[in-house]
Amino acid sequence: MVNFDILRSGSKNISFKLGGMIFLSVIVMAIFAPLIAPYSYDEMHISDILKPPSSKYLLGTDQYGRDIFSRIVYGSRIALKVGILVVIIETVIGISLGLLAGYYGGKVDRIISFITDVFWAMPPLVLALAVVTLLGPGLTNVMIAIAVVSWAQFTRVVRAKTQSLKNMPFVEAGRAIGESDISIMLRYILPNTMGAIIVLSTLALPSAILSTTAMGFLGLGAQPPTPDWGVMLSEGISYIGTAPWISIFPGLAIVYTVLGFNLLGEGLRDILDPRLKV
């Protein structure tokens with residue numbers, strides 16, 4: 001069933017509408033990248049190195065003669081892939097631990113809460129840097145590292161909601177008819193936490209993209225010639241005085257995407273769970 005109250009609230013929520021439009025534009029750009037981009041992301045034009053924006057190259061070319069606009073368009077695929085996969089991994093980890101801690105309490109809760117507090121107290125990017133140093137550079141390793149150190153917020157929220165739900169009458173009814181603990185957590189408790197999980201997932205997307213971009217900028221994430229926006233920023237630093245468009249436009253793409261996801265997340269928070277404080 002469609003919740004028309006939510007749809008009506010969303011239609012009046014400026015953040016939700018604006019964020020949704022930006023989100024859809026990034027999705028469309030990623031899906032139709034071969035049709036939107038005039039060139040391949042690694043196609044070199046040796047005679048057109050460091051060309052400023054023009055009708056031929058909308059956002060100019062880089063030091064290898066590659067079209068900046070085409071690379072940004074293809075880079076949107078990497079941004080979405082990273083954001084979605086990282087959020088899926090950290091959501092699964094966070095939900096699993098949050099359900100166990102909130103439902104069983106006692107020693108299980110104390111152990112999981114201690115581990116969660118340790119991860120919560122440390123900057124995720126610093127921890128991710130340490131993990132990538134151990135695993136080695138590469139986009140896959142960066143995604144794993146960011147997801148492994150960023151699940152704490154999901155655990156805390158799911159734990160709190162599970163504690164408030166586990167003694168509700170409908171949960172007690174499930175126990176009375178012989179439902180197992182796993183069944184009760186998945187069938188009775190988890191569905192009632194989905195509003196908060198959706199909001200947190202949407203707000204976690206821009207953080208994942210920013211962290212991966214930072215890793216790429218440092219040379220630990222995606223490797224050239226992959227059109228990662230962080231890699232493009234890093235490559236353009238040496239030419240910031242002579243060809244600033246190499247760094248400016250990937251930076252604007254990052255700002256545009258992250259802003260859109262943040263607006264969408266804030267709009268969803270106001271609609272689905274206005275009391276949630278992230």
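Reader: Where is the place of Q63?
Author: Q63 is found in the loop between α3 and α4; helices here are DSSP runs (H or I, at least four residues), numbered from the N terminus. A word on the source: this is a predicted model, where local features need pLDDT of at least 70, side-chain atom pairs count only at pLDDT 80 or more, and totals for chains, interfaces and linings use all residues. Residues are numbered from 1 along each chain as its sequence is written, and side-chain values use heavy atoms, with hydrogens and water left out.

Reader: Why is Q63 called buried?
Author: Buried means under 20% relative accessible area (1.4 Å probe, protein chains only). Q63 has 13%, so the word applies.

Reader: Which residues does Q63 touch?
Author: Not counting residues up to four places away in sequence, Q63 touches I49, L50, E235, Y239 and I246, where contact means heavy atoms within 4.5 Å.

Reader: What makes Y39 and Y57 an aromatic pair that is tilted?
Author: Rings of Phe, Tyr and Trp (its six-membered ring) pair if their centres lie within 6.5 Å; planes under 30 degrees apart are stacked, over 60 edge-to-face, the rest tilted. Y39 and Y57 have 5.6 Å centre to centre and 35° between the planes, so they pair and count as tilted. Both residues are buried, too.

Conventions: Buried < 20%, exposed > 50% of the residue type's maximum accessible area, 1.4 Å probe, protein only. Helix = DSSP H or I, 4+ residues; strand = E, 2+ residues; numbered from the N terminus.
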